[in-house]
Amino acid sequence: MSKKALLIIPPDRFNEDELFHPKAELENAGIAVTVASTKTGEITGDNQGKVNAEVVFSDVSATDYDVVAVIGGSGTIDYLWGDDKLIQYLKQAYEHKILVAGICAGSVAVAKTGLLAGRQATCYPVDAMIDELKANNADYVVQNVVAHDDIITSNGPDGAREFGQSLVGALG
């Protein structure tokens with residue numbers, strides 16, 4: 001049985017490095033990757049890169065995947081931080097022992113679940129994101145990747161490859 005990853009992006013303005021580098025690391029390790037959003041079809045990134053969102057995340061079961069990761073980008077702040085469906089989805093994934101991950105602004109979406117309370121985490125090093133982590137009782141640290149056994153966070157484009165490698169390592 002091969003491993004499967006669900007990478008959730010905003011419906012507009014995802015970060016290309018934060019999606020494409022981890023996706024490549026996962027695929028190179030033989031892990032099947034599904035790109036999801038709040039809508040299906042072509043989605044444009046912050047730098048005009050394009051990707052096809054194959055599914056709406058809330059239409060697929062998190063238990064069908066070994067990891068559920070929220071990808072950053074300016075659209076993540078606008079569309080995913082306040083998405084109650086996403087917050088519940090991540091909590092359900094976690095409750096079913098699915099690895100939950102977030103990179104850059106996606107780390108904040110994970111923090112909003114409360115799952116990072118009292119734990120170290122990282123995000124893109126800007127006050128708005130750091131403040132959100134702290135507001136959700138996460139212990140912000142300056143690192144490319146913070147990997148717990150059950151949750152992985154990353155700082156953004158600089159840590160994108162390492163984030164992908166960390167996901168692969170965690171999936172064993």
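Figure 1. Buried means under 20% relative accessible area. This is a predicted model, and in it F57 counts as buried because its relative accessibility is 2%. Y89 is buried too, with a relative accessible area of 6%. A search of the whole structure finds two aromatic pairs. One of them joins F57 and Y89: the ring centres are 5.2 Å apart and the planes stand at 75 degrees, so the pair is edge-to-face. The two residues come from distant parts of the chain, 32 residues apart. F57 sits in the loop between β5 (55–56) and β6 (67–70), and Y89 sits in helix α3 (residues 84–95).

**Figure 2. The ring pair of F14 and F20.** Among the two aromatic pairs found in the whole structure is that of F14 and F20, with 5.9 Å from centre to centre and 85 degrees between the planes. This pair is edge-to-face. Is F14 buried or exposed? F14 counts as buried, at 0% relative accessibility. F20 has a relative accessible area of 31%, so F20 is partly exposed.

**Figure 3. A lysine over a tyrosine ring.** K4 lies over the face of Y65. The distance from K4 to the ring centre is 5.4 Å.

Figure 4. A disulfide is a covalent bond between the sulfur atoms of two cysteines. Searching the whole structure gives zero disulfides. C104 is in no disulfide, and the nearest cysteine sulfur, in C123, is 7.5 Å away. For comparison, the cut-off used for a disulfide is 2.5 Å. C104 is buried, at a relative accessible area of 7%, and C123 is buried at 1%.

**Figure 5. Helix α6 and its buried face.** Helix α6 covers residues 160–171, which makes 12 residues. At 1.5 Å a residue, the helix should span 16 Å, and its end C-alpha atoms are 17 Å apart, which agrees. Which residues of α6 are buried? They are A160, F163, G164, S166, L167 and L171. Seen down the axis of α6, the buried residues fall within an arc of 160 degrees, so they line one face of the helix. An α-helix has 3.6 residues a turn, so residues three or four places apart point the same way.

**Figure 6. E95 and T63.** E95 is in helix α3 and counts as exposed, with 57% relative accessibility. Between E95 and T63 there are 32 residues of separation in sequence, and their C-alpha atoms are 9.8 Å apart in space.

Figure 7. K97 has a phi near 65 degrees, a positive value in a residue other than glycine. K97 lies in the loop between α3 and β7 (99–103) and is exposed, with a relative accessible area of 75%. N137 is not a glycine either, and its phi is positive at about 65 degrees. Where is N137? N137 is in the loop between α5 (127–135) and β9 (139–140), and at 54% relative accessibility N137 counts as exposed.

Figure 8. The unreviewed UniProt entry places the feature "domain: DJ-1/PfpI" at residues 3–168. Over residues 3–168 the chain is 34% helix and 25% strand. The end C-alpha atoms of this stretch are 10 Å apart.

Terms used: Residues numbered from 1 in each chain as written. Predicted model: local features only at pLDDT ≥ 70, side-chain atom pairs only at ≥ 80, totals over all residues. Heavy atoms only, no water. Buried < 20%, exposed > 50% of the residue type's maximum accessible area, 1.4 Å probe, protein only. Phe/Tyr/Trp six-rings, centres within 6.5 Å; stacked < 30°, edge-to-face > 60°. Helix = DSSP H or I, 4+ residues; strand = E, 2+ residues; numbered from the N terminus. Lys NZ or Arg CZ within 6 Å of the ring centre and 35° of its normal. UniProt positions renumbered as here; feature names shortened; annotations may be inferred. Expected span 1.5 Å × (residues − 1). Arc of directions from axis to C-beta.
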